[in-house]
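Reader: I am new to this structure and would like to learn how to read it step by step. Could we go through it together?

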Amino acid sequence: MSEGLTWTLYDANTMTQAQIYGEVLCKMGQTRPDIVALTADMAKSTKIGRFGEKFPERFFNVGIAEQNLFGVAAGMAKSGLTPFISTMAVFTSMRACEQVRTDICYQNLDCKIIATHGGVSFGQAGSTHHCTEDLAIMRSFANMTIIVPADGIETANAVRAAFDWPGPIYIRIGRGFEPPFYETEDYGFTIGKAVEVNSGTDITLICCGATVLQAAEAANYLRQNDGLSVRVINLHTIKPIDTKTILQAVMDTRRIITFEEHNIQGGLGSAVADVIAASGKGCAFEKVGIPDCYCEVGYPEDLQSYYKLDTDGIIGKVRQVMDRDFEEDDDWEDEV
Amino acid sequence: MPITNNEIAALEERASKIRKNIIDITSWAGGAHIGGALSMVEMITTLYFKYANIDPANPDMPDRDRIVVSKGHSGVGYAAVLAEKGYFDFELLKDFNKFKSPFGMHLDSLKVRGVDVSTGSLGHGLPMAVGLALGARVQKKNWKTYCILGDGECNEGSIWEAAMAASHFKVTNLVTFVDRNRFMIDGKTEEIMSIEPFADKWKAFGFEVRDINGHNFVELATALDEALTADEKPTVIIANTTKGKGVDFMENDVRWHYGGLNSDLVIKAKASVERMFQRN
Ligand SMILES: Cc1ncc(C[n+]2csc(CCOP(=O)(O)OP(=O)(O)O)c2C)c(N)n1
């Protein structure tokens, strides 16, 4: 975390998430000769090609062959190198699923995966390119660490932190057109430690990726218009999960909603639900995401709005949950 | 089914119209994979307008031939052909890529009339085509299966797994095309991940190989006629093409793998297609 790279808001505004990580990786490559970068005909689309321009001898484009991509990366990691691998999230988690699980995670190798076009960030492309299952898949792989950065600045933080973090890591970003959320990088990013981006006592919104910005804006609106005190948590690390922050929110606000660009089965919401269920504490709880379907086609902002992942959708959901009397059933002892 | 001069002239005209329609859809869509859509126009036009036994009025006709566009990112070209064939109104494609449209950039078989198989993730089409062809054999049906691959797509191991199976099972009711435009996303196929000697690879996998000019209707028809009478080995037609064919400023320029067109560029692009048509 000491590269001395500072991303001004101006940088973040003009650079996509992917461009930013391309730059970070280049910078790290200068001092860390064991870094190699790999892709599968996605050098330009993912921006990992920036590393290739600087360090051509440490860059490998294996062509359109994702299974081979992750197999080769595993071999390089076994040889002592630290591979950073980038292609679309959908092909990482599904086409090369077994290579990631068996070659990389099973052998607990230092492979740093930057999976792009996550969620519905490439909405126009349709279901073959949407990726709303990857968090569920990756969560089920032992040894895997999963990070979903909120924006480009957090991506820069995550990529840098990944280098020093032992074992495999899956960093899931969008297509790169997401608006920035953070203004500087020194807000205290640590893998496994959630960030409270808005304090509040009435309800907690737990988010990752592009929904963080939307939730923060919704919280602002709800404070001004509904007088609600809404806590917003950026749960950038899905695994290992920050149990303490989640349970603190349960205790303090008793109402939790999760927002993610992922199927509501198996992703951020399910991870949070696991924590709450295991704690034995009760609270009102709702998961918002893709409702177990193949998504419609459309631009990301249309889809985010349709699936209630934009500011308006989030405001509506908060009002619904605030209106819900979750103590109405007398048969239940909801003392916690 | 030898091809007549009249047929050739009609196909040339059709191809030119389809190219212009691809240009329109790309501009409506705000961006599409236009380079590889333009390179496959002649092969897909030959299939839809001369060879394939299909009926746009009856898209689910049980004995129809099956066409699998394995390079599914060329949906903009595929959609233009389906509309031209009469599966749906061309005007509907104004919604291409738009919210809740049935037409995403990779066509969905559950949403778009005439699409037999959903593709878009490369390397899936040929295995499914082998399955369709075997399906015909097992059910004693006479339909043929056609599959169009990208040359970059042939980096995928699954293509070669399917090739192995096609020759092992002697799947001669399948005809495979490769749109050999020599480009993928990051650059030239031979620079990013070389696939040559390409014809030899297919031969080694047990295929009969036809190496032709993929923009020439006579060569396409001759190769197809031969492929359709084969009874020993499956055939692959390596159709040598130009990425962006017909639009001079796109031809062989990798930046036009995916792009958008403003109204100026639409005019320039169509003028170029028209010049190509007049030259032929
Ligand atoms: C499995 C998979 N990996 C990556 C992609 C992204 N992608 C879309 S098109 C393309 C290049 C395709 O090249 P080629 O097959 O030669 O097609 P053409 O040049 O004819 O457009 C890539 C890598 C994809 N669609 N599927």
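Reader: Which atom of the ligand is 2.7 Å from an N or O atom in the side chain of His73(B)?

Author: Before the answer, a word on the conventions: this is a predicted model, in which local features need pLDDT of at least 70 and side-chain atom pairs count only at pLDDT 80 or more, while totals for chains, interfaces and linings use all residues. Residues are numbered from 1 along each chain as its sequence is written, chains are lettered from A and ligands numbered from 1 in the order in which they are written, and side-chain values use heavy atoms, with hydrogens and water left out. A polar contact is a pair of N or O atoms within 3.5 Å; within protein, one must be able to donate a hydrogen and the other to accept it, and residues adjacent in sequence count only if both atoms are side-chain atoms. Here, the atom of the ligand that lies 2.7 Å from the side chain of His73(B) is an oxygen. A nitrogen atom of the ligand lies 2.6 Å from a polar side-chain atom of Glu66(A), and a ligand nitrogen is also found 3.0 Å from a polar backbone atom of Leu122(B). The protein covers 99% of the 590 Å² of accessible area that the ligand has on its own, an area that comes from the Shrake-Rupley method with a 1.4 Å probe, where for residues only the protein chains shown count as cover.

Reader: Why is the site described as shared between chains?

Author: A residue is near a molecule or strand if one of its heavy atoms lies within 4 Å of it. The site is shared because the residues that surround the ligand come from chains A and B. There are 24 such residues, and the closest are Glu66(A), Lys71(B), His73(B), Asp151(B) and Lys243(B).

Reader: How many bridges join E1(B) to strand E2 of chain B?

Author: Helices (H or I, at least four residues) and strands (E, at least two) are DSSP runs, numbered from the N terminus, and two strands pair if DSSP finds at least two bridges between them. In chain B, 4 bridges connect E1(B) with E2 (residues 145-150), and the two run parallel; within this pairing, Ile67(B) stands opposite Tyr146(B). E2(B) is also joined to E3(B) by 6 bridges, again in a parallel arrangement, with Gly150(B) having Asp179(B) as its bridge partner.

Reader: Are the residues of strand E3 of chain B buried or exposed?

Author: Buried means under 20% relative accessible area, exposed over 50%, and partly exposed in between (1.4 Å probe, protein chains only). In E3 (residues 174-180), 7 of the 7 residues are buried, so this strand is largely enclosed by the rest of the structure. Both of its faces are covered, with Val178(B) among the buried residues on one side and Phe177(B) among those on the other. In E1 (residues 66-69) of chain B, Arg66(B) and Val68(B) point one way and Ile67(B) and Val69(B) the other, and all are buried.

Reader: Where does Glu196(B) lie, and what does 34% relative accessibility make it?

Author: Glu196(B) belongs to the loop between helix H7 (189-192) and helix H8 (198-204) of chain B, and it counts as partly exposed.

Reader: In which strand of chain A does Lys112(A) lie?

Author: Lys112(A) is part of strand E4 (residues 112-116) and is buried, with a relative accessible area of 0%. Its side chain makes a polar contact of 3.3 Å with the side chain of Asp110(A). Thr116(A) is in strand E4 of chain A too, and a polar contact of 2.9 Å links its side chain to that of His117(A).
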